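Please work through the exercises below with the sequence and the model open. Each task is followed by a worked solution.

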Amino acid sequence: MLVRLKVFRFDPEKDGDPYYQDYEVQAEPTDRLLDCLNRIRWEQDPTLAFRMSCGHGVCGSDGMRINGVCGLACQKLVESFGLEVRVEPLPVFPVIKDLVVDLEPFFQRYHSIKPYLIALSSPPGHERRQSPEDIRPLEDAIRCILCACCTSSCPVSQDPQTADYVGPAALVRAFRYLFDSRDESTSERIAMLDRQDRVWGCRTLWKCTEVCPKEIPVTKLIGHIKRRIYETKRESNEGEIRHAPKDEAGNGSWGEDSEG
Ligand code: SF4
Ligand code: SF4
Ligand code: FES
């Protein structure tokens with residue numbers, strides 16, 4: 001089949017404004033969008049810039065907006081798009097060139113939630129072990145490949161008024177350490193997350209969960225963080241308990257009662 005791709009182009013060194021360039025590629029219905037982009041770069045236009053590495057949904061580097069929805073080009077089959085595909089860079093982040101965005105702000109926010117185990121006790125003389133039961137609640141979060149599709153799809157992250165929101169990908173990683181049985185900094189993590197620009201910035205709009213290529217129930221994990229903070233503060237009776245904000249439908253925003 002002949003696939004038409006309308007691709008966002010922008011080279012800040014020579015283009016005043018972004019524009020769209022059309023390409024045509026012969027493809028099998030079961031080819032991936034990434035195959036088409038590679039074919040363009042190899043056979044038609046070596047100036048087209050995009051990131052890729054593994055080609056198999058593992059490295060997270062080929063996140064882009066495909067017909068308006070963020071996803072990995074290596075996971076999208078040509079047959080699912082019809083005859084024309086619009087390909088754009090991930091929103092939220094500055095464009096470096098064409099489909100390549102600057103993920104520095106993404107990783108700054110990711111590092112801000114301390115994405116590593118903090119163990120305050122003396123080393124036990126062997127690795128800090130976990131039972132299968134301990135690791136089970138973390139299994140969803142561990143699948144995250146930091147592709148940034150969730151954060152760039154999140155309406156809160158997209159809104160310039162709330163651009164300091166840490167974003168769903170960082171919160172997935174925060175969940176992973178907050179609920180890790182080996183981590184010994186729970187109080188510090190709760191204080192770190194209990195902020196409007198962190199977990200309370202999430203308005204439970206589910207876009208992150210809809211696009212995650214690893215099928216991580218992102219909104220639900222964020223809801224678990226909210227509940228953990230709420231319950232910890234209630235138990236310790238410290239200060240005023242922040243009430244869960246409402247989502248646009250007026251529901252509480254734990255994000256746990258719906259599918260996801
Ligand atoms: S949670 Fe999903 S969409 Fe977000 S960065 Fe991780 S893998 Fe990508
Ligand atoms: S559920 Fe929260 S983090 Fe996810 S897209 Fe909606 S507002 Fe953003
Ligand atoms: S190229 Fe690695 S996830 Fe798509």
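This is a predicted model: local features need pLDDT of at least 70, side-chain atom pairs count only at pLDDT 80 or more; totals for chains, interfaces and linings use all residues.

**Exercise 1. Describe the shell around ligand 1: its nearest residues, its helices and its residue classes.**

Step 1. The shell around ligand 1 has 15 residues, of which Cys144, Cys147, Cys150, Ala169 and Cys212 come nearest.

Step 2. Helix H5 (149-153) and helix H7 (168-178) each contribute at least two residues to this shell. The greatest contribution is that of H7, with three residues.

Step 3. Sorted by class, the shell around ligand 1 consists of 14 nonpolar residues, no polar residue and one charged residue.

**Exercise 2. Carry out the analysis of Exercise 1 for ligand 2.**

Step 1. Around ligand 2 there are 13 residues, and Cys154, Pro168, Cys202, Leu205 and Cys208 come nearest.

Step 2. Helix H9 (207-211) and helix H10 (218-236) each provide at least two residues of the shell. H10 gives the most, namely three residues.

Step 3. The classes in the shell around ligand 2 are nine nonpolar, two polar and two charged residues.

**Exercise 3. Determine how H7 and helix H8 (residues 186-193) are oriented to each other, and identify the residues that make their contact.**

Step 1. The axes of H7 and H8 lie 10 Å apart, and the helices pack at an angle of about 160°.

Step 2. Angles over 145 degrees count as roughly antiparallel. H7 and H8 are therefore roughly antiparallel to each other.

Step 3. The handedness of the H7 and H8 crossing is left-handed.

Step 4. By class, the contact of H7 with H8 comprises four nonpolar residues, one polar and one charged.

**Exercise 4. Locate Thr162, and decide whether Thr162 is buried, partly exposed or exposed.**

Step 1. Thr162 sits in the loop that lies between helix H6 (155-158) and H7.

Step 2. A residue is buried if 20 or more other C-beta atoms lie within 10 Å of its own, and exposed if 12 or fewer do. Thr162 has 15 other C-beta atoms within 10 Å, and is therefore partly exposed.

Step 3. With neighbours within four places in sequence left aside, Thr162 is in contact with Val156 and Gly201.

Step 4. In sequence, Thr162 and Asp197 are 35 residues apart, whereas in space their C-alpha atoms are 7.6 Å apart.

Technical notes. Residues are numbered from 1 along each chain as its sequence is written. Chains are lettered from A and ligands numbered from 1 in the order in which they are written. A residue is near a molecule or strand if its C-beta atom, placed from the backbone, lies within 6 Å of it. Helices (H or I, at least four residues) and strands (E, at least two) are DSSP runs, numbered from the N terminus. Ala, Val, Leu, Ile, Met, Phe, Trp, Tyr, Cys and Pro count as nonpolar, Asp, Glu, Lys and Arg as charged, and the others, Gly among them, as polar. Axes are lines fitted to C-alpha atoms, for helices over the stretch in contact, and angles run from 0 to 180 degrees between N-to-C directions. Angles under 35 degrees count as roughly parallel, over 145 as roughly antiparallel, 65 to 115 as roughly perpendicular and the rest as oblique. A crossing is left-handed if the near helix is turned anticlockwise from the far one by less than a right angle, and right-handed if clockwise. Two residues are in contact if their C-beta atoms, placed from the backbone, lie within 7 Å.
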